[in-house]
Amino acid sequence: MVSTPRLVIAAPASNSGKTTVATGLMAAFAARGLAVSPHKVGPDYIDPGYHALATGRPGRNLDAYMCGTDLIAPLFAHGSAGCDLAVVEGVMGLYDGASGQGELASTAQVAKLLKAPVVLVVDASSQSRSVAALVHGFASWDPQVRIGGVILNKVASDRHEALLRDALDESGLPVLGVLRRAPQVATPSRHLGLVPVAERQGDAVDAVRAMGERVLAGCDLDALMALARTAPALPDEAWAPAYAPAEGPRPVVAVAGGAAFTFAYAEHAEVLTAAGAEVVVVDPLRDEKLPAGTAGLVIGGGFPEMYAPELSANEPLRRAVTELALSGAPVAAECAGLLYLARELDGKPMCGVLDAEARMSERLTLGYRQAVAVSDSPLAVAGARMRGHEFHRTVLEPGAGATPAWGMHQPERRVEGYVQRGVHASYLHTHWAASPEVARRFVAHCRAR
């Protein structure tokens, strides 16, 4: 049974202040000495970095599309074990999910799967009495979604607050917080969302501290904690990676990290470790060689386009990566990793493992994908089906090699990515907790070398 008190922080639409409120709540409760478990609905890699900074615990994603609905509560239980409170930040608007698939992967669906009360964050900057109609509509749309209160964001003045509170008195939902406009708490954004914590360091610490102070001053933490405690127990066991029997020395799997490669789900390192690997982080911006004994390499997502000159300048590591790939060692590359393995990125030389060129684009490619493995690779056997997510403003030419990585079935049919020697490189982000056989197969290929 999972009995962790929990709250889902949602909003009527994007840019209402969910991240500020959720991160601020995490920081405020952590400052009270509580162990706070941070979670994010959907595939977003960036917000969990701020959550981790606020709580001192790994930020974890709850994605019902990539992981399936049956795994949401177990993954939540895994992340929240031993915690006093869990705060789950929603995605987009409360009822927005995978395009054309009803409630799938929406914040509302995850709240129902967790049986968690929802706190609705409302951008009140351009309304007064209408806020009551808005809140009533969201609260009554799905009777299975329990909205337990409202936090009003971007409130202009005492007079504005009074008008909003008077209107909401008729809704029957309590106002659990009021936040005034505060530009100093804003976090910088660019083409794929917020700038990751790893790139801001001290500024990110200051921003999270400011969010916590703002929430502490404007929200009723006692009432919010009381609401969190109304969540009933979940009859689910915690997810845990299946540990492989010991078979000799643990192969070293290098995982790209640092400011250029910040997109990683916490469970990936956990399933690799469970599969028998020794996971060691390598920073392509700073490290000039791979970890000693590297038998395989995982290069996840991030922002290599922001660091192309620096990545290119690190010729020793580029050569080491190329030599590893040409040796036939298993190399798994997602999105940013795909670009790093290309011949060049925005005119800057990269590793040259793939005969392709990458460049920035004005077009945002974004959305969930259904994919099938085109051929055998260190990640999957031909015909294996995976669900994933694309999120980039770059273009790779050509987009697929002689042996593509995936055949895509949503939203259109196409082939994508590269499989050559031991390399599997693609734009597709995947969640290995949903397919732990991927990690087991990868480590088995590492061990076989």
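The legends below describe close-up views of a predicted model.

**Figure 1. An open sheet of seven strands with parallel pairing.**
The strand order is S3-S2-S4-S1-S5-S6-S7. Strand S3 (60–62) and S7 stand at the edges. Each has a single partner strand, so one side of each is left without a neighbour in the sheet. On average, neighbouring strands are turned by 25 degrees against each other, direction ignored. Strands of a sheet pair through backbone hydrogen bonds.

**Figure 2. Helices H1 and H9 lie across strands of the sheet.**
Helix H1 spans residues 18–31. Helix H1 lies across strand S1 (6–10), S2, S4, strand S5 (118–123), strand S6 (147–155) and S7. Relative to S4, helix H1 runs at about 165 degrees. Helix H9 spans residues 202–218 and lies across S6 and S7. Its angle to S7 is about 130 degrees.

**Figure 3. Strands S2 and S4, with the salt bridge Lys40–Glu89.**
S2 and S4 pair in the parallel sense over five bridges. His39 stands opposite Val88 in S4. Lys40 forms a salt bridge with Glu89, and their closest N and O atoms are 3.2 Å apart. Lys40 belongs to strand S2 (residues 36–41) and Glu89 to strand S4 (residues 85–89), so the pair ties together parts that are 49 residues apart in sequence. Are these two residues buried or exposed? Both Lys40 and Glu89 are buried.

**Figure 4. Strand S5 and its parallel partners S1 and S6.**
Five of the six residues of S5 are buried, so S5 is largely enclosed by the rest of the structure. S1 and S5 pair in the parallel sense over three bridges. Ile9 has Val119 in S5 as its bridge partner. Six bridges join S5 to S6, and these strands also run parallel. Here Leu120 has Val150 in S6 as its bridge partner. S5, helix H6 (residues 130–141) and S6 make a right-handed β-α-β unit.

**Figure 5. A network of salt bridges around Arg180 and Glu161.**
Asp158, Glu161, Arg165 and Arg180 are linked in this network. Arg180 lies in strand S7 (residues 175–180) and Glu161 in helix H7 (residues 158–169), so the pair ties together parts that are 19 residues apart in sequence. Arg180 is partly exposed, with a relative accessible area of 29%. Glu161 is buried, and its relative accessible area is 19%.

**Figure 6. The salt bridge between Asp283 and Arg286.**
The closest N and O atoms of Asp283 and Arg286 are 3.8 Å apart. A salt bridge is counted within 4 Å, so this pair qualifies. Which side of the pair is buried, and which is exposed? Asp283 is buried, with a relative accessible area of 13%. Arg286 is exposed, at 67%. The count for the structure comes to 20 salt bridges.

Val252, Ala254 and Ala256 point one way. Val253 and Val255 point the other way. In a regular strand the side chains alternate between the two faces of the sheet. Val255 stands opposite Val298 in S12. Val253 has Val279 in S11 as its bridge partner. From S10 the chain crosses through helix H11 (residues 266–274) to S11, and this β-α-β crossover is right-handed.

**Figure 7. Cys335 and Cys351, without a disulfide.**
How many disulfides does a search of the whole structure find? The search finds zero. A disulfide is a covalent bond between the sulfur atoms of two cysteines. The sulfur of Cys335 is 15 Å from the closest cysteine sulfur, in Cys351, and that is too far for a bond. Cys351 is in no disulfide. Cys335 is buried, with a relative accessible area of 5%. Cys351 is buried too, with a relative accessible area of 8%.

Conventions: Residues numbered from 1 in each chain as written. Predicted model: local features only at pLDDT ≥ 70, side-chain atom pairs only at ≥ 80, totals over all residues. Heavy atoms only, no water. Salt bridge = Lys/Arg side-chain N within 4 Å of Asp/Glu carboxyl O. Helix = DSSP H or I, 4+ residues; strand = E, 2+ residues; numbered from the N terminus. Buried < 20%, exposed > 50% of the residue type's maximum accessible area, 1.4 Å probe, protein only. Pairing = 2+ DSSP bridges. Axes fitted to C-alpha atoms, helices over the stretch in contact; angles between N-to-C directions. Contact = heavy atoms within 4.5 Å. Disulfide = S-S within 2.5 Å. Right-handed = clockwise from strand over helix to strand, strands pointing away.
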